[in-house]
Amino acid sequence: MSTTLHSPSSAFQSAARVSGRAAYDQLYRAAETAPESFWAQLARNQLHWFQPFQRVLDWQLPRAQWFPGGLINACYNCVDRHLSSWRRNKAALIWEGENFEQRILTYQELHRKVSKFANVLKSLGYRQGDRAIIYMPMTPEAAIAMLACARLGIIHSVVFAGFSSEALKTRMEDLEANLVITADAGRRRGREIMLKRNVDAALAEYAGVRHCIVYKHLGAGIEMHHQRDLWWDDLMFGMSEDCPAEPLDSEHPLYVLYTSGTTGKPKGVVHTTAGYLLQTHMTMQWVFDLREQDIFWCTADIGWVTGHSYLIYGPLSMGATTLLYEGAPDWPEPDRFWRLIEKYRVNIFYTSPTAIRSFIRQGDAWPQKHDLSSLRLLGSVGEPINPAAWEWYYHIIGGGRCPIVDTWWQTETGAILIAPMPGAVATKPGSATLPLPGIFPAIVDAKGQPVAEGQQGFLVMRQPWPSMFRTLWRDETRFREIYWDKIPGLYFTGDAARRDADGYYWLLGRVDDVINVSGHRLSTMEVESAMVRHAAVAEAAAVGRPHEIKGQGLVVFATLKGGQAASPELVDELRDWVGKEIGGFARPDEIRLVEALPKTRSGKIMRRLLREIVTTRSVSGDTTTLEDYAVLLKLSQQGKEEEELLAHEAQKEKV
Ligand code: PRX
């Protein structure tokens, strides 16, 4: 644990919304003393309500209802309410495409397009409670689609455009989606990603969708199915711009976002309206210290929770200008992000440690070519940021003047829960620092008892918070089991952590069968299920191992069915197979075809041992329950031999 304290400069601190440690302490204490009145006051002052709420919180563990009785609309809060001031002519979205195309939508223009598109949805018969899958590239239309759904109370589920047709179908089925909104194709590193074709493949096996609305983005060659498929532009043409936002219950589901869990099946995390909106809105102030003139850039894709909360709902509810970039960070050259910062004079930049590590590898010359002096604040999310990456980010990108907010949260938490308030809390490289007001974490052992200072334990939350997810879509049982029954009475995050003498939190990674690859959560079970769907595979076990850039990489051990021969071609085929089944980002770094997997006497695969093999190459700890210790030795040996072979080859290449 590094103990270097970085305090904000006095210039930053004096201009900050929350200035000085005493201000943070006071806010935290206010929320601790009277959490309900703390949140109620913010909800009243910061959000627009069609009808005030009657109570603040109904909490019957694990069921939370925030602000019951209230009527509200997320889209109204993100768009309409800014029209009554000068903000109507402020840029809401700045979009840049990979080929340097540019579009800027003011709040007024956004309102016009969202209202028209909401009328399109209405005219097709969609209404409150319907479920739309949004499978789109990072374009303004993706935001318009989300907001139009929110306007009518249609529950949206954005599926990351990197997911395969198979993954798309699974999500459609689980959600019982009746509408799909997509584009012909998206662009990444000069390639066209054929989104509509993936939708067609998914819809060939799922019949519940009435319409598929297609936004023509690149003019790629696609097929349109008669009656089912409709062009976005045709539908928008001549459509009325008048579409009042529906007053919705505070607890109306805003969206379902699928995330990986500890089983083979992704979980539909359900977020509702008022509490989610309030906390994304507040964290824009508390963590990002947002000012009216700022250009805010979160580099996450719209398909992940970070894209929902900090590209769309948080910034827009604040009336901010949010930058949307469709494309790769290193396209056409490794300085694309720095070019964007310079061009748009970005003030707040929020990205992942994986991205930072890959920038470090590309060299300092790329950022140094650009004027990054507009930056005021830097953010990090998705995985622990290692101190070396932190220092580089701080000095090379932030010029030593921008505080870094290391933000800990999850798809389930909806908004940032642990992070510094940059003008108030001094940071330590690698620590997410302190909980935000109204957030009451603890670090406990398996029985729920707090562990001693500096000791590792499970990170839990002791009290509900407004943006918490409410359930798993159509799976209340799993919701209870995974999050609330593990340590009764407490919310189980699935993360290990420790707290130091200053009360700072240090996140130590997942304790379940979830790995964090490039800041994307990946279920090892999901990968294993995909592997065994291949005709040649008998059994598979997936584990993570440290990866210099991605944080963690994926290694899969597999045994083959009788009569199948291992070959380098089969390994390649299996890697592609996993990519096809889940999405390109899930392609394993390595697949090892083995004779047998180490198992306990009851037949459970011992993943812990495999993890040790891929990380340390040796095995320690209790192995008495192993069915066949020889299997383990063999696997370990195989790894060593491979390593030697690789080293040998690398040596040859050098020569
Ligand atoms: O393990 C933690 C890690 O990412 C997990 C949540 O992943 P996901 O739901 O995909 O959301 C990612 C973006 C919010 C957590 O359980 N994680 C997230 N942020 C941090 C982190 N680990 C360490 N430090 C962080 N700042």
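This is a predicted model: local features need pLDDT of at least 70, side-chain atom pairs count only at pLDDT 80 or more; totals for chains, interfaces and linings use all residues.

Q: Is the crossing of H5 and H6 right-handed or left-handed?

A: Right-handed.

Q: Which residues in H5 and H6 meet?

A: From H5 you have Leu 110, His 111, Lys 113, Val 114, Ser 115, Phe 117, Ala 118, Leu 121 and Lys 122. On the H6 side they meet Ile 144, Ala 145, Leu 147, Ala 148, Cys 149, Arg 151 and Leu 152.

Q: And how does that contact of H5 with H6 split by class?

A: Eleven nonpolar, two polar and three charged residues.

Q: OK, rings now. How many aromatic pairs are there?

A: The count comes to 46. One of them is Phe 337 with Phe 349, an edge-to-face pair at 6.1 Å centre to centre with 85 degrees between the planes.

Q: Where do Phe 337 and Phe 349 sit in the chain?

A: Phe 337 is in helix H12 (residues 336-344) and Phe 349 is in strand S18 (residues 348-351), twelve residues apart.

Q: Is Phe 337 buried or exposed?

A: Buried, with a relative accessible area of 5%. Phe 349 is buried too, at 0%.

Q: What about the rings of Phe 469 and Tyr 491?

A: Their planes are at 75 degrees and their centres 6.1 Å apart, so that pair is edge-to-face. Phe 469 lies in the loop between S22 and strand S23 (471-472) while Tyr 491 is in strand S24 (residues 491-499), so the pair ties together parts 22 residues apart in sequence. Phe 469 is buried at 1% relative accessible area, and Tyr 491 is buried at 0%.

Q: Which residues form an aromatic cluster with Phe 469 and Tyr 491?

A: Trp 59, Trp 465, Phe 479, Tyr 483 and Trp 484 form one cluster with those two.

Q: Switching to Leu 459: which strand is it in?

A: Leu 459 is in strand S22 (residues 457-461), and it counts as buried at 0% relative accessibility. Beyond its neighbours within four places in sequence, its contacts include Trp 408, Ile 443, Tyr 491, Phe 492 and Leu 507.

Q: Last one: which ring does the charged end of Arg 171 sit over?

A: The ring of Phe 163, 4.2 Å from its centre. Lys 216 also lies over a ring face, that of Trp 231, at 5.0 Å from the ring centre.

Note on methods
Residues are numbered from 1 along each chain as its sequence is written. Side-chain values use heavy atoms; hydrogens and water are left out. Helices (H or I, at least four residues) and strands (E, at least two) are DSSP runs, numbered from the N terminus. Buried means under 20% relative accessible area, exposed over 50%, partly exposed in between (1.4 Å probe, protein chains only). Contact means heavy atoms within 4.5 Å. A crossing is left-handed if the near helix is turned anticlockwise from the far one by less than a right angle, and right-handed if clockwise. Ala, Val, Leu, Ile, Met, Phe, Trp, Tyr, Cys and Pro count as nonpolar, Asp, Glu, Lys and Arg as charged, and the others, Gly among them, as polar. Rings of Phe, Tyr and Trp (its six-membered ring) pair if their centres lie within 6.5 Å; planes under 30 degrees apart count as stacked, over 60 as edge-to-face and the rest as tilted. A charge sits over a ring if NZ of Lys or CZ of Arg is within 6 Å of the ring centre and within 35 degrees of the ring normal.
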